[in-house]
Amino acid sequence: MIIKFKLDGKEVSVDAEPNELLLNVLRDKLGVKAPKYSCGIGECGACTVLLDGEPVLSCLTLAVDANGKEVITAAGIEEEYAALISKAFSEEGAVQCGYCSPGFAVMSYLLLREKKNLSEEKVREFLRGNLCRCTGYVNIIKAVLKASEVMGGK
Ligand code: FES
Ligand code: FES
């Protein structure tokens, strides 16, 4: 069936099978490579996107569920936040292999947009569904806190 949705700010339409996963449609049919295929079974968060503002694992979400909605991937994060997140992650050494980074970027965006007065504990709890095998999380959490500090609780 043809489904239509807003993807990173642009209207798209694509032919998707009823059982086709959103992650595959995004990567293979629409060429958006930001969400990563990692575990494929909902355990790592590398494929996280926002669906109407809510985080979903696109490896477990049917593409047809995006019909008529808005999907935001790491490539579609508002510029101001994207620049801030990218700078903080790079300065804190929070990206190594980078496979997990798009998922962390999407979740950090959500966190920075919605929450103020972040603590290490809050960030850790919010990001608990995202796995990183390289950084041990310490630098990622530092990076999110740094970005939040730069925003001044905005
Ligand atoms: S690839 Fe979706 S949770 Fe790991
Ligand atoms: S930087 Fe490698 S898994 Fe996170």
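## Sheet and helix packing in a predicted model

Helix α3 (residues 101–114) lies across β3 and β4 and runs at about 40° to β3; helices (H or I, at least four residues) and strands (E, at least two) are DSSP runs numbered from the N terminus, and angles run from 0 to 180 degrees between N-to-C directions of axes fitted to C-alpha atoms, for helices over the stretch in contact. This is a predicted model, in which local features need pLDDT of at least 70 and side-chain atom pairs count only at pLDDT 80 or more, whereas totals for chains, interfaces and linings use all residues. Residues are numbered from 1 along each chain as its sequence is written, and side-chain values use heavy atoms, with hydrogens and water left out.

The open sheet has 5 strands in the order β2-β1-β5-β3-β4, with mixed pairing, where two strands pair if DSSP finds at least two bridges between them.

| Edge strand | Residues |
|---|---|
| β2 | 10–15 |
| β4 | 54–57 |

Strand β1 (residues 2–7) runs antiparallel to β2 and is joined to it by 6 bridges, with I3 standing opposite V14 in β2. Helix α1 (residues 22–29) packs on the sheet, touching β1, β2, β3 (48–51) and β5 (70–72), and its direction makes about 100° with that of β2; contact means heavy atoms within 4.5 Å.

Helix α2 (residues 79–91) packs with α3 at an angle of about 115°, their axes 10 Å apart. In this contact, Y81, I85 and F89 of α2 meet F104, A105, S108, Y109, L112 and R113 of α3.

How values were computed:
Chains lettered and ligands numbered in written order.
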